[in-house]
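Let's take a walk through a protein model together. Keep the sequence and the 3D view open side by side, and follow along as we go.

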Amino acid sequence: MTGTIDPVAEQTPAFPAARAAGCPFDPPPTVQALRERTRLTRVRLADGSTPWLVTRYDDQRALMADPRISSDVTRPGFPSPSPVRGRPLSFILMDDPEHARLRRMVTAPFAIRRVEAMRPTVQKIVDDLIDEMLAGPRPVDLVQAFALPVPSLVICQLLGVPYADHDFFQDNSRVLINRDVTPEERWVAVDRLSAYLDRLIGEKLDHPEDDLLSSLADRVGKGELTRPEAAQIGVLMLVAGHETTANMIALGTLALLEHPDQLALLRESDDPALVASAVEELLRYLHITHNGRRRVALADIEIAGQVIREGEGVILPNDIANRDPEAFPDPDRLDIRRDARRHVAFGFGPHQCLGQPLARMELQVVYGTLYRRIPTLRLAARLDEIPFKHDGAVYGVYELPVTW
Ligand code: HEM
């Protein structure tokens with residue numbers, strides 16, 4: 001079945017669309033409905049442009065892996081959520097060979113063996129934070145007490161960033177990924193984070209330690225990287241390394257509390273395979289990077305019975321791909337025993353999430369520990385009182401009051 005092209009911009013649906021008030025875990029119903037009607041359609045962005053929106057899982061994967069598709073945000077036609085300021089940029093917004101050159105500089109710590117070696121450290125971080133929560137007052141905001149500190153402490157240790165600065169980098173990261181701030185506000189946050197990382201890299205040049213920023217500083221010293229490139233890599237790793245995982249911890253906990261049968265399965269099993277399976281299913285079901293992958297076509301691409309022309313923008317909302325019934329039967333059901341490993345919550349193709357082995361391990365430790373150590377954990381607010389991140393490029397909750 002092919003989609004219908006609607007050439008009249010005013011008649012195209014607006015994107016991003018709002019989520020339903022009643023079911024905070026589901027993709028926007030209007031976008032889900034598009035998937036049922038068509039494989040490829042035009043949508044209208046706030047700036048009036050009308051890029052293509054790809055609705056099905058198979059087509060999204062094919063395009064994410066297609067070398068004729070570009071992530072270069074500076075190209076004309078790129079459906080950028082906000083105006084771009086030129087280089088230097090993070091490699092997430094570049095194409096090969098530049099993207100591959102910079103990505104290679106930071107792949108080593110994410111090898112499975114290196115990540116597994118960090119598991120005891122992450123377990124200790126998780127246990128210590130739970131001890132603190134249990135010793136403190138109730139109710140408590142799980143976001144501040146647990147979901148944010150776990151990945152922040154981990155990424156700080158891996159990068160060599162002082163955790164004492166967490167208010168600074170968490171506040172600026174929040175601005176960076178907020179859809180509702182002005183471009184100027186976003187640029188101020190980028191500049192602050194870049195200056196901060198640049199200063200740390202300067203310190204590591206003089207006093208190297210056993211961390212990722214020191215290895216970037218070493219490459220700067222050898223002339224393999226410029227200092228602004230190193231600082232941009234640092235910003236990307238710091239922001240991507242804590243915001244995403246923090247949202248998966250808090251939103252994942254809320255989803256489990258709202259699905260007590262699934263929570264009971266997880267809590268009562270000591271099978272690491274079930275915990276790993278729950279992580280994959282929650283990644284699929286919650287799809288927190290809900291604004292979609294953004295790309296622009298480098299050549300005419302025939303797909304889904306249509307042609308995406310060179311220079312036209314493409315949006316790939318992974319949230320509706322993860323709910324495609326042809327890829328995942330009964331997709332709107334949270335089922336931690338299903339095999340959800342083919343989800344696209346980490347993207348696909350050359351830009352597939354670099355930190356996914358680390359994110360997976362952190363979530364396995366969290367989901368495998370929190371509900372067993374606090375078996376009576378429950379919400380301390382009504383669901384309709386929870387503030388959701390509808391304005392963020394990464395979905396989640398701003399606060400999660402819990403008690404036990
Ligand atoms: C549950 C947690 C996470 C989720 C859902 C997530 C999701 C994603 C997605 C969807 C992309 C693809 C972007 C695109 O195609 O345009 C991505 C890329 C990336 N992620 Fe993650 N991520 C997570 C955790 C992490 C962590 C812990 C790190 C560690 C530092 C990290 C670092 C990166 C980097 C560096 C990229 C860019 C890769 C490239 O462009 O080659 N992420 N992530």
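Leaving aside neighbours within four places in sequence, which residues is Leu-205 in contact with? They are Ala-217, Val-220 and Gly-221. Here, two residues are in contact if their C-beta atoms, placed from the backbone, lie within 7 Å.

Before we go on, some ground rules. This is a predicted model, in which local features need pLDDT of at least 70 and side-chain atom pairs count only at pLDDT 80 or more, while totals for chains, interfaces and linings use all residues. Residues are numbered from 1 along each chain as its sequence is written.

Back to Leu-205, which lies in helix 9. Helices are DSSP runs of H or I with at least four residues, strands are runs of E with at least two, and both are numbered from the N terminus. Why is Leu-205 called partly exposed? Because 17 other C-beta atoms lie within 10 Å of its own. The scheme is simple: 20 or more other C-beta atoms within 10 Å makes a residue buried, 12 or fewer makes it exposed, and anything in between is partly exposed, with C-beta atoms placed from the backbone. Now look for Pro-317: it is 112 residues from Leu-205 in sequence and 41 Å away in space, C-alpha to C-alpha.

Helix 9, residues 183-206, also holds Arg-192. Arg-192 has 17 C-beta neighbours inside 10 Å, so it counts as partly exposed. Between the C-alpha atoms of Arg-192 and Leu-383 there are 35 Å, and the two residues sit 191 places apart along the chain.

For another kind of pair, move to Leu-251 in helix 11. Leu-251 is buried because 26 other C-beta atoms lie within 10 Å. Tyr-395 is 144 residues from Leu-251 in sequence, yet their C-alpha atoms are 8.4 Å apart. Apart from neighbours within four places in sequence, Leu-251 is in contact with Leu-286, Ile-288, Tyr-395, Gly-396 and Val-397.

Take Val-150: leaving aside neighbours within four places in sequence, its contacts are Ile-125, Val-126, Leu-129, Ile-249, Glu-362 and Val-366.

Val-122, Ile-125, Val-126 and Leu-129 in helix 5 meet Pro-149, Val-150, Leu-153 and Val-154 in helix 7. The residues of this contact are 8 nonpolar, no polar and no charged. For these classes, Ala, Val, Leu, Ile, Met, Phe, Trp, Tyr, Cys and Pro count as nonpolar, Asp, Glu, Lys and Arg as charged, and the others, Gly among them, as polar. Helix 5 (residues 119-135) and helix 7 (residues 149-159) pack at about 140 degrees, with axes 10 Å apart. Those axes are lines fitted to C-alpha atoms over the stretch in contact, and angles run from 0 to 180 degrees between N-to-C directions.

Next, the ligand. There are 24 residues around the ligand, and Gly-241, Thr-244, Gly-347, Cys-353 and Gly-355 come nearest. A residue is near a molecule if its C-beta atom, placed from the backbone, lies within 6 Å of it. Helix 11 gives the most to this shell, with 7 residues. By class, the shell has 14 nonpolar, 8 polar and 2 charged residues.

Most residues other than glycine have a negative phi, and most peptide bonds are trans. The bond from Asp-96 to Pro-97 is cis, with omega near 5 degrees, and Arg-138 and Pro-139 are also joined by a cis peptide bond, with omega about -5 degrees. Pro-97 sits in the loop between strand 3 (69-70) and helix 3 (98-104), and Pro-139 in the loop between helix 5 and strand 4 (140-141).

As for phi, His-287 has a positive value near 40 degrees, and Asp-330 one of about 50 degrees. Are these two buried or exposed? His-287 is buried, because it has 23 other C-beta atoms within 10 Å. Asp-330 has 8 C-beta neighbours inside 10 Å, so it counts as exposed.
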